[in-house]
Amino acid sequence: MTLANNYEHLSAGAKSRIGKRTQIFINGEFRDPHSEKYFSIADPSNGLELGQIAQADQFDVDLAVAAARKAFEDSAWSRMRPYQREALMLRLADLIAENAQELSELETLSSGRLIRNTRAFDADLSVYTLRYMAGWSTKISGKTLDLSVPYLPDQKFFGFTKRSPLGVVAAITPWNVPLCQAVWKLAPVLATGCTVVLKPAEQTPFTTLRLAELCNEAGIPPGVVNVITGLGHEVGAALVEHPGVDKISFTGSTETGKRIAAIAAPLMKKYTLELGGKSPVVIAEDADLNIAIPGAAWAIFGNHGQNCCAGSRLYVHERHYAEVTAGVAEIARTIKIGPGLDLSSQMGPLVHHAHRDKVMSMIHQGLESGAELLCGGETINSPGAYIQPTILTDLTNNSITSQKEIFGPVLTAFSFKDDREVIQRANATSFGLGASIWTKNVDRITSFFGGVKAGTIWINNHNVLDLSLPFGGMKDSGAGHELGEEGLLAHTSLKAGVMRVFDQAE
Ligand code: NAI
Ligand code: MG
């Protein structure tokens, strides 16, 4: 197993960013942070420092929000026609495609994720997201209708609605799919004519900063896109509280999401929260195990379990429990662990060492609270933040590892007897982000789809996301939706018009 990282083969663009101080991006220009402070980030595969990240403060937040506000209210942006915004978005998508290799390398360097995933998700899916949302720019519409107004029978009225851009959006993103998350938030902003201050996670700011450069290159007017880096509880919180921000678009932990909602609600700000999960994977009695076993393994081990919709709870019909758990454990034991930049690796390190330690501590707490270890459960002897793919079994559904989001490659497996019982158990956490059912039976699919409280239900697959479908969570997993038409419209305000009609002719 090679656990040392090699930067020699990186693209010139990615190499040139290692070991530097970063800046923040306000009103189309890069500048040093007002605080003159920086914090360092490390490559989680070897612990080596990757760079010094600008630590913005309230002064920078004020500047960035003012730039976004100005661009929204009186710049070329608000006068731009929809087809021109579409063209800019398509240009930005092309630039991301041209720089996909560099972007995916930068993403792998700081997040530790596999290069093939940072390519497929962060780079390529960002391109598709921008192209999909670009098409919406010219298709945002309202309604027209004849009104009844029963209490004014002698008069006639005509009603209409119009959608307008909501305003300045503060977009706060996590470290697990950073560029993709930034673009999921940026694309509807651009399509609707809003402006944005993006705040990437502390650990993974490189690609969002590179995105800012590409926005300039694409010709997006200054102030439409601003990027602030810094500590979440400082600049993230300052953005949420800022009176110049109309909407907060947040992806991250349920804890931070609830804090944001509590601040935003009395200020009457709009918000979209995409939060944590503990998504169940249910393998029914009639499931095709050839598909379901690898499906269940990659539902949790994909992206090292660092997915909000990771399939972290596995429910197997008792008839197949032994075979399925043995099959998933066999995959877990043979997964090749190594640096994300190594093309042969199947699982890289977790995002940083402190997160690895948190995951390990949760495994230990799970074992203390009644779970049993089927495989894994150890770190790997290396300077990297590696951890073995781990499976726990649990008879009770009550252990910490059955209830809390772990955000690592840790699966808890259970057996079940009947469909009604498993739906109840699938719902027995505070979360409701995703769920999958593996079956060929249509009645089973219908009752699972109807009974499980989750924002996305997958049938014979897990974690497949598409830009045209809304993505969001129920219960503690969030509020509102991203992507799809719903995610787009969440960046608009709706106005109704009532017009008296004097000419009664049709
Ligand atoms: P977090 O929710 O604290 O951080 C996410 C983003 O919010 C980052 O950009 C961070 O700087 C910012 N932030 C932090 N505190 C803030 C505040 N008070 N106001 C405004 N913004 C703030 O997540 P963290 O601490 O990185 O990870 C903790 C756990 O959260 C993970 O172990 C995992 O369980 C969960 N998580 C879920 C994600 C998802 O996709 N739903 C993504 C990342 C983490
Ligand atoms: Mg946090």
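Start by selecting strand 1 and strand 5 (residues 49–54): two bridges join them, and the two strands run parallel. Keep in mind that you are looking at a predicted model. To see one of the pairings up close, pick Arg-21 and then Gln-52, its bridge partner in strand 5.

You have an open sheet of three strands in the order 1-5-4, with mixed pairing. Strand 1 (20–21) and strand 4 (38–42) stand at the edges with a single partner strand each, so one side of each has no neighbour in the sheet. What holds paired strands together? Strands of a sheet pair through backbone hydrogen bonds, and they can do so parallel or antiparallel.

Zoom in on strand 6 and strand 7 (residues 156–165). Three bridges join this antiparallel pair. Click Asp-146 and look across to strand 7: which residue stands opposite? That's Phe-158.

Next stop: Thr-204. Look for this residue in the loop between strand 9 (195–199) and helix 8 (206–218). Is Thr-204 buried or exposed? Its relative accessible area is 0%, so Thr-204 is buried. Show what is around it: setting aside neighbours within four places in sequence, Thr-204 is in contact with Ser-110, Ser-111, Pro-174, Trp-175 and Pro-178.

Last stop: select Glu-274, in strand 12 (residues 270–274). An unreviewed UniProt entry places the feature "active site" at this residue. Why does Glu-274 count as buried? Because its relative accessibility is 2%, and the cut-off for buried is under 20%.

Finish by displaying the contacts of Glu-274. Leaving out neighbours within four places in sequence, they include Gln-181, Phe-250, Thr-251 and Gly-252.

Definitions and conventions
Residues are numbered from 1 along each chain as its sequence is written. Chains are lettered from A and ligands numbered from 1 in the order in which they are written. This is a predicted model: local features need pLDDT of at least 70, side-chain atom pairs count only at pLDDT 80 or more; totals for chains, interfaces and linings use all residues. Side-chain values use heavy atoms; hydrogens and water are left out. UniProt positions are given in the numbering used here, feature names are shortened, and annotations may be inferred rather than shown by experiment. Helices (H or I, at least four residues) and strands (E, at least two) are DSSP runs, numbered from the N terminus. Buried means under 20% relative accessible area, exposed over 50%, partly exposed in between (1.4 Å probe, protein chains only). Contact means heavy atoms within 4.5 Å. Two strands pair if DSSP finds at least two bridges between them.
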